[in-house]
Amino acid sequence: MLLPLGSAWATAQGYDAGVQDYEVSMINGGTGSHSDQRLMFPGKAYWVYVTAEGDLIRSYYRSYSFCAEWVGDYHGMQAPLAWADEEAAGFYNTLAGSSLWAGQFISGNDAAMERHWKDPAFGGVDSDYIDNAHLAFFVGHGWEGGFVFGTAADDYNLEYDEARWGNTKTDWIILGSCNTLNESTYRENWEDAFEGLHSICGFDTIGGTHPDMGSHFATKLMQGLTIKDAWFEATDRWVFPSDGNLNAAIMAADIDGDLSTTPDCLDDHLYGYGTSINPPGDPPDFQYKKHECNWLDGV
Amino acid sequence: MMKGQIVIGLAILVMIVAGTMVIPSEYPKGNEDEYTRLEITGPYLVKGVPQISSAIVLPERLEQAMVYKTVDTTVSKDDALKMAEKFGMSGPVEEYGTSYFIKGSPYTFEIEKETGYMTYTWYGRWMGSNERDRPEYLPTDEEARKIAGMFLISNDLMPEGAAYSGISHDRGAMLSAEGNETVVADQGTTVMFTGRLSNLSVVGSGIYVTLGGDGDVLRIVKRWRDVEPYKEFSILSPEEAIEELRQTGVVTEVRSPMRAIVDEVKLCYYATPPRTEQPYLKPTYYIHGTVEGESETGTFFQYIQAVPELGRGLY
């Protein structure tokens with residue numbers, strides 16, 4: 001945002017209205033906590049100290065990027081997944097309506113590929129695909145150890161130990177896939193995937209799809225709900241009755257090892273729609289929440 | 001000649017090795033015949049089970065049951081304000097997309113214009129990490145049921161025909177009291193009241209109240225289908241419903257299920273999320289049980305639409 005000022009700015013400091021205090025400053029050319037690569041958010045107040053005259057030009061480019069992939073047709077190897085396309089497209093098209101977020105790509109069925117989600121260290125190309133966007137959304141079959149594609153490129157299963165997300169760009173992953181955030185296995189399976197990633201949304205149990213779930217989720221994000229709240233709202237609103245054991249879940253990086261009091265990635269909002277916190281590449285801990293989708297008791 | 005045979009042999013060997021290398025290490029196992037044989041009647045992934053038996057005495061057969069026609073619900077801005085007033089909120093009512101809103105402090109009220117789907121939420125505390133909502137501060141289940149019921153009744157929010165149906169618990173990872181150990185604990189108690197028609201539960205249609213520490217209301221959601229009687233139809237017997245499972249398969253996390261044992265059969269109505277096209281609420285059997293796979297056991301469920309005249313689809 002300050003690029004047009006070049007070397008004419010020295011420091012910039014945000015004000016956190018929530019805690020009524022100034023944030024750590026950004027220093028032109030700074031690194032670490034004072035890095036000038038940190039994000040600035042439209043609608044938020046900053047003091048900017050300048051050393052010379054300059055023109056601050058409003059950017060007309062969308063600042064943040066996202067992508068979506070979905071698989072409904074598994075060519076008989078898995079049962080077809082109803083509404084995967086509508087759910088992903090609903091999310092994509094709704095968020096594309098934001099003036100701040102630009103859709104990079106949406107790929108479905110055989111065009112959605114495991115290599116797009118796999119780190120180059122394991123032969124994948126995620127740095128050119130999903131890890132080259134701030135947020136990636138997937139709808140397809142899953143299990144505790146990963147999620148499933150309809151074509152073998154490079155193979156059918158993206159397994160947790162092939163994922164290293166956030167080492168290029170990705171901050172948030174949404175997995176509309178069964179069991180990917182199972183309460184018993186989420187930490188052991190996915191902690192190494194957090195390489196700058198803030199959080200993963202998914203399901204603790206079997207999951208649900210619905211044509212309107214993706215657009216509802218995007219709408220809630222753009223209304224300023226946290227990613228956690230938006231995910232739980234969307235799943236709660238649109239899942240069909242099951243047997244009372246359908247839980248949506250979120251796993252989020254904790255930045256300081258104190259799970260109970262301080263704001264963490266669990267409280268992230270989408271960029272441009274509220275605050276968020278950058279986690280370290282190797283988070284000291286994680287927070288996990290699961291929400292029972294409550295339309296199932298009563299029989 | 002011999003040299004040529006060796007070259008061809010080597011070439012075949014290289015092709016075999018190369019072919020083996022491109023076979024994925026964990027190919028998702030499936031049976032195409034199975035997926036095409038099963039009749040998809042609902043929204044969840046189903047699996048066929050070769051052997052199904054019952055471990056219970058099945059409920060008595062009901063010869064006929066009422067089918068209900070769904071009725072569109074529309075909410076005006078005035079309706080929204082009147083509903084919000086029941087929560088002590090007075091406006092202003094804002095519009096955003098398909099909903100009306102009132103943003104208060106600490107609660108936000110929202111109601112959908114075309115369905116009446118309603119939420120009343122204390123964002124920041126609901127599903128949050130507030131000290132006040134640690135497990136030791138939550139009401140007991142019995143207390144929660146009383147608090148939630150009283151709140152809905154005293155504020156004229158209990159839908160007609162809704163009845164208490166169960167309690168669930170949202171869970172989150174927190175620090176243990178001793179220090180750094182991460183523990184998973186309840187962080188919200190949700191009391192559910194489900195709609196009833198013809199003395200049967202309407203699963204998917206109801207109102208719930210989530211309570212936090214000290215019994216504070218953190219969230220109320222109403223997801224409801226308005227209906228009117230259509231006509232009575234003959235319905236399947238419980239035995240016939242179990243027989244139907246062979247055609248529809250079951251919903252289970254168990255891989256390659258081999259044997260299923262039914263432990264619960266109940267008649268109910270099945271309501272999809274409002275705005276999903278569903279012309280009728282049909283009598284439906286809820287069937288639950290245990291399932292054995294090749295190397296694991298678990299549970300299964302399935303809903304079987306009970307009116308043969310209306311096909312097999314749940315909605």
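Mentor: Strand 2 and strand 11 of chain B, in this predicted model, are joined by seven bridges and pair in the antiparallel sense. One position shows the pairing residue by residue: B:Gln64 lies opposite B:Ser234, which belongs to strand 11 of chain B. The two strands are part of an open sheet of three strands in chain B, whose order is 11-2-14 and whose pairing is antiparallel. Strand 11 (227-234) and strand 14 (280-281) of chain B are the edge strands, and each has a single partner strand, so one side of each has no neighbour in the sheet.

The domain assignment divides chain B into domain 1 (32-68 + 231-310) and domain 2 (72-226). The C-alpha centres of these two domains of chain B are 30 Å apart. Where they touch, domain 1 of chain B supplies 13 residues and domain 2 of chain B supplies 13 residues. On the side of domain 1 of chain B that touches domain 2 of chain B, the elements giving two or more residues are strand 2 (64-70) and strand 13 (259-270) of chain B. Of the elements on that side, strand 13 of chain B gives the most, namely four residues. In composition, this side of domain 1 of chain B consists of eleven nonpolar residues, one polar residue and one charged residue.

Of its 315 residues, 41% count as buried. Among contacts in chain B with a separation of 6 or more, 66% are between residues 24 or more positions apart. As for confidence, the mean pLDDT of chain B is 86, and 83% of its residues reach 70 or more. Residues 10-28 of chain B, however, have a pLDDT below 50, and this stretch makes eleven contacts in the model beyond near neighbours in sequence. For the complex, the predictor gives an ipTM of 0.85 and a pTM of 0.84.

Strand 5 (residues 64-70) of chain A runs parallel to strand 7 of chain A, and five bridges join them. Strand 7 of chain A is also joined by five bridges to strand 11 (residues 172-176) of chain A, again in parallel. A:Ala136 illustrates both pairings: this residue of strand 7 is the bridge partner of A:Cys67, and A:Ala136 is also partnered by A:Ile173 in strand 11 of chain A.

How is strand 7 of chain A placed within the structure? Five of the five residues of this strand (residues 135-139) are buried, so the strand is largely enclosed by the rest of the structure. In a regular strand, side chains alternate between the two faces of the sheet. For strand 7 of chain A, one side carries A:Leu135, A:Phe137 and A:Val139, the other carries A:Ala136 and A:Phe138, and all of them are buried.

Chain A as a whole has four helices and 14 strands, and 55% of its 299 residues count as buried. Among contacts in chain A between residues at least 6 apart in sequence, 73% join residues at least 24 apart.

Note on methods. Residues are numbered from 1 along each chain as its sequence is written. Chains are lettered from A and ligands numbered from 1 in the order in which they are written. This is a predicted model: local features need pLDDT of at least 70, side-chain atom pairs count only at pLDDT 80 or more; totals for chains, interfaces and linings use all residues. A residue is buried if 20 or more other C-beta atoms lie within 10 Å of its own, exposed if 12 or fewer, and partly exposed in between; C-beta atoms are placed from the backbone. Two residues are in contact if their C-beta atoms, placed from the backbone, lie within 7 Å. Domain bounds come from an automatic or database domain assignment. Ala, Val, Leu, Ile, Met, Phe, Trp, Tyr, Cys and Pro count as nonpolar, Asp, Glu, Lys and Arg as charged, and the others, Gly among them, as polar. Two strands pair if DSSP finds at least two bridges between them. pLDDT is the predictor's confidence in each residue, from 0 to 100.
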